[in-house]
Amino acid sequence: MKKENTSLLWTVALYLALSTICVTANRLCAECIELFPEMVPMESDELCEIIAYRRCTANLNKTLLPTSPALVRSGNPIALISGKTDYTLSFDIVPKGTVTDGHASILHFTTGTDCCDFGGRSPAIWFNPGSTELHVRIGDSTNWNWGFDRPDALPLNISTKVTLECKGNDVKLTVETRVYTATQPTHRFTGNFVVYAGNPWHPAAKAVISDYLI
């Protein structure tokens, strides 16, 4: 009898724990979907929407993006974050080839569009067509597409550390030991962003990225 009572208690405790997890997951997922309806996953009815919660709230209001290596793919949302005016974005990238039919998307922080709204590229980083030269767009209040290009091609099949620092009007891009600077005319967008490792509007870069941090 004592063994049966113990088993029953464990069953009740497990049920209560799962109920709490489900309620929390559903509530947080609902909040996330309200902010980003385009991020609603197909698996929202599985396991009390825990899968949905993990996907659509990935790193919301946090600064750490996924660190495991990931192949850049077209239309690949990896996180939601609350962005600030000043930030430092860094990541490691291993280019695997080039794309000739347009700019190849690497990372794209956006309020939901590619262009032509303030916040649509905050920032967005591509390879230029047919190369591994970086095409960087940051955007500000007077020019949604403000940014710059760097002529140095990243080596294929070798990991390169890229760091973008934006503080006030000062912008600095560091590619391993090479440093490039620019002065931004006005302020950057602040708000919630969807983060894509390969946006849905351009071909994906042939690359693997990891250790992204903002």
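## Burial and surface

Buried means under 20% relative accessible area, exposed over 50%, and partly exposed in between, with a 1.4 Å probe and protein chains only. Of the 214 residues of the protein chain, 42% count as buried. The accessible surface comes to about 11100 Å², and 57% of that belongs to carbon and sulfur atoms. Accessible areas come from the Shrake-Rupley method with a 1.4 Å probe; for residues, only the protein chains shown count as cover.

This is a predicted model, in which local features need pLDDT of at least 70, side-chain atom pairs count only at pLDDT 80 or more, and totals for chains, interfaces and linings use all residues. Residues are numbered from 1 along each chain as its sequence is written, and side-chain values use heavy atoms, with hydrogens and water left out.

## Fold elements

The protein chain has 2 helices and 12 strands. From the N terminus on, the order is α-α-β-β-β-β-β-β-β-β-β-β-β-β. Helices (H or I, at least four residues) and strands (E, at least two) are DSSP runs, numbered from the N terminus.

Contact means heavy atoms within 4.5 Å. Among contacts between residues at least 6 apart in sequence, 65% join residues at least 24 apart.

## Strands β8 and β9

Thr163 lies in strand β8 (residues 160–167). Thr174 is found in strand β9 (residues 170–175). Thr163 counts as buried because its relative accessible area is 16%. Thr174 is buried too, at 16% relative accessibility.

Neighbours within four places in sequence are left aside here. Thr163 is in contact with Thr88, Leu89, Ser90, Lys172, Leu173 and Thr174. Thr174 is in contact with Lys161, Val162, Thr163, Glu165 and Val179.

## Nonpolar core

A nonpolar core is a set of buried Ala, Val, Leu, Ile, Met, Phe, Trp, Tyr and Cys residues joined through side-chain atoms within 4.5 Å. The largest has 37 residues. Phe91, Ile106 and Leu134 have the most contacts inside it.

Beyond four places in sequence, the contacts of Ile106 include Phe91 and Leu134. Among the others are Val72, Ile125, Trp126, Tyr196 and Ile209.

## Cavity

The structure holds 1 cavity of 30 Å³ or more. About 30 Å³ of space lies in the largest cavity. Its lining is Ile81, Gly83, Lys84, Tyr87, Phe109, Ser122, Phe193 and Ile214.

On a 1 Å grid over the protein atoms alone, a cavity is a set of points where a 1.4 Å probe fits but cannot get out; lining residues have an atom within 4 Å of a point. Volume is the space filled by probe spheres set on the points, which are joined across faces, edges and corners.

Technical notes:
1 Å grid on protein atoms, 1.4 Å probe; cavity = no way out; pocket = protein on both sides within 12 Å on 5 of 7 lines; lining within 4 Å.
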